[in-house]
Amino acid sequence: MKLLTLGKIIKRKGLDGTFKVNSSTDFALERYQKGNKVLIKDEKTKNIIEVTVKRYYFDQGFDYVSFEEIKTIEEATPYINSLIMIDKDTLPPLEED
């Protein structure tokens, strides 16, 4: 499995477990579509969990993403400074241009 980094979780936003993400992908809209599966990798413990995108929006240069499996601010807190990743083998091929 080859993992590609989509972005880094900077902080929480709101009470529902939404994350502010500094994305490193040029295809955030495609990667964070509702229902897509992504991975969150804790840089300290190296643990990886699979999560499902619940909601995505872009505001003032940052991506904001919430996941089905993370519903509260308490559940979100441990993932600050973690990486959001995706398995390269699950990506659809990009179109020409």
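**Close-up views of a predicted chain**

**View 1. Contacts across the whole chain.** Of the contacts (heavy atoms within 4.5 Å) in the chain with a separation of 6 or more, 58% are between residues 24 or more positions apart. This is a predicted model, in which local features need pLDDT of at least 70 and side-chain atom pairs count only at pLDDT 80 or more, while totals for chains, interfaces and linings use all residues. Residues are numbered from 1 along each chain as its sequence is written, and side-chain values use heavy atoms, with hydrogens and water left out.

**View 2. The order of helices and strands.** Two helices and six strands make up the secondary structure of the chain, where helices (H or I, at least four residues) and strands (E, at least two) are DSSP runs numbered from the N terminus. Along the sequence these elements follow the pattern β-β-α-β-β-β-α-β.

View 3. Strand β3 (residues 37-41) and strand β4 (residues 48-59) run antiparallel and are joined by five bridges, two strands being paired if DSSP finds at least two bridges between them. K37 stands opposite T52 in β4, and the hairpin has six residues between its strands, with K46 in the turn showing a positive phi of about 70°.

**View 4. The hairpin of β4 and β5.** Strand β4 is also joined to strand β5 (residues 62-67) by six bridges, and these two strands run antiparallel. F58 stands opposite D63 in β5, while two residues lie between the strands of this hairpin, and Q60 in the turn has a positive phi of about 50°.
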